[in-house]
Amino acid sequence: MSIANNAPSGQTPQLNYRTAIGLGLIHLGAIAAVFPVFFSWSGLAVAIVAAWVTGGLGITLGYHRLLTHRSFHAPKAVEYALAVCGVLALQGGPTDWVATHRKHHAFSDRDGDPHNSALGMAWAHIGWLVLANKDRVKDGEFKRWAEDLQRVSFYRFLDRSMLAIQVLFALALFAIGGWSWVIWGVFVRLVLVYHVTWLVNSAAHGSGYQSYASGDRSKNCWWVALAAFGEGWHNNHHAFPSSARHGIAWFEFDLTWLTIRIMRFLRLAHNVKIPTPEMLDRLRLNKSPVMKAAERRGVV
Ligand SMILES: [Zn+2]
Ligand SMILES: [Zn+2]
């Protein structure tokens, strides 16, 4: 069975060997967690904390809401610390991640989108990474999508050192907690954060509801939002990409928005952007309950 892909029609897509083998080995490492010899409660705790630090603070808060969309500003030391947390998620250096995600917004769900969900959930989840993908940002294109990051020497250093930083982190865990901490704190945690991040590209472009006219298939999906630190309110995000707040309705809990509010209180975040009531009204799709009830009764 082959999954939908963006190879020219009739051609079998090639594997992206480097990524496919790398992700395969990391998943194999995570499977080692089924052996009781590798289990420890402290290892589990390390995995949970590291998942939040790398997935919540690194990818969601740092790479996504700060570096990609500049939805708030932070002191340089805070910005750089968040970028280091992002690098530890092993999803690419800041320039690659930001460029890919900005391109996703520019071509959302159509030709040109690096993880175009119109090609199916399997492609949007993992196929786009492990198969040849004509829509990934190519070497000569990073200047177009992420020149602001390319100009910063610290980000160029992180781009080059992603793997070395992960190995150093693994060695530190091994020195403190042995193999249990490495299996749980590196392999299980990486796999968990990978799939949570990828669910934003797949499930949150497929299942859920739309509150705002975003012009694409993005959805608000409550279970992705819970797993992905607020990122599942993805239709809101595509409608208002530069908003620091993704959960807009009162019931749309957004842990990262809560984090940004705490940072603002501590003066670690400023220029925090959120949509104005007029902006929300302009794109709002769902009618008020009063209007819906009137429609049901055939009054309007
Ligand atoms: Zn999206
Ligand atoms: Zn985004």
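Hi everyone. Let me start with a crossing: helices H3 and H7 pass each other in a right-handed sense. Their axes come within 10 Å and cross at roughly 35 degrees. On the H3 side, the residues that make this contact are Tyr80, Ala83 and Val87. Facing them from H7 are Phe154, Tyr155, Leu158, Met162 and Ile165. If you sort the residues of the contact of H3 with H7 by class, you get eight nonpolar, no polar and no charged.

Before I go on, please keep in mind that this is a predicted model.

Now, let's stay with H3 and look at another partner. Two packed helices are described by the angle between their axes and the distance between the axes. For helix H2, residues 41-68, packing with H3, the angle is about 125 degrees and the axes are 7 Å apart. So H2 counts as oblique to H3. And which hand does the crossing of H2 and H3 have, left or right? Here H2 passes H3 in a left-handed crossing.

Who meets whom in that contact? H2 brings Val53, Thr54, Leu57, Gly58, Ile59, Leu61, Gly62, Tyr63, Leu66 and Leu67. From H3 come Glu79, Leu82, Ala83, Cys85 and Gly86. By class, the contact of H2 with H3 holds 10 nonpolar, four polar and one charged residues. You'll have spotted Ala83 in the list for H2, and Ala83 is also named in the contact with H7.

One more residue on H3, if I may. Valine 78 sits in this helix, which spans residues 76-87. Is valine 78 buried, exposed or partly exposed? It has 17 C-beta neighbours inside 10 Å, and therefore counts as partly exposed; 20 or more would be needed for buried.

Let's move on to H4. Arginine 102 lies in this helix, residues 94-106. With 16 other C-beta atoms within 10 Å, arginine 102 is partly exposed. Leaving aside residues up to four places away in sequence, arginine 102 touches Thr68, Trp145 and Ala146. Arginine 102 and cysteine 85 are 17 residues apart in sequence, and their C-alpha atoms are 20 Å apart in space.

Next, H5, residues 121-130, which is mostly covered: seven of its 10 residues are buried. These are Trp123, Ala124, His125, Ile126, Gly127, Trp128 and Leu129. What do the buried residues of H5 pack against? They pack against helix H1, residues 17-31, and helix H7, residues 153-201. That brings us back to H7, our partner of H3 from the opening.

Finally, let me step back to the whole chain. There are 12 helices and zero strands. The C-alpha atoms fill a box of roughly 70 × 55 × 45 Å along the principal axes. For 300 residues, a compact globule would have a radius of gyration near 19 Å, and the 20 Å of this chain agrees with that. Of the 300 residues, 42% count as buried. And among contacts between residues at least 6 apart in sequence, 67% join residues at least 24 apart.

Notes
Residues numbered from 1 in each chain as written. Chains lettered and ligands numbered in written order. Predicted model: local features only at pLDDT ≥ 70, side-chain atom pairs only at ≥ 80, totals over all residues. Buried ≥ 20, exposed ≤ 12 C-beta atoms within 10 Å, placed from the backbone. Helix = DSSP H or I, 4+ residues; strand = E, 2+ residues; numbered from the N terminus. Contact = placed C-beta atoms within 7 Å. Rg over C-alpha atoms; globule rule 2.2 N^0.38 Å. Axes fitted to C-alpha atoms, helices over the stretch in contact; angles between N-to-C directions. Left-handed = near helix turned anticlockwise from the far one by under 90°. Nonpolar A, V, L, I, M, F, W, Y, C, P; charged D, E, K, R; others polar. Parallel < 35°, antiparallel > 145°, perpendicular 65-115°, else oblique.
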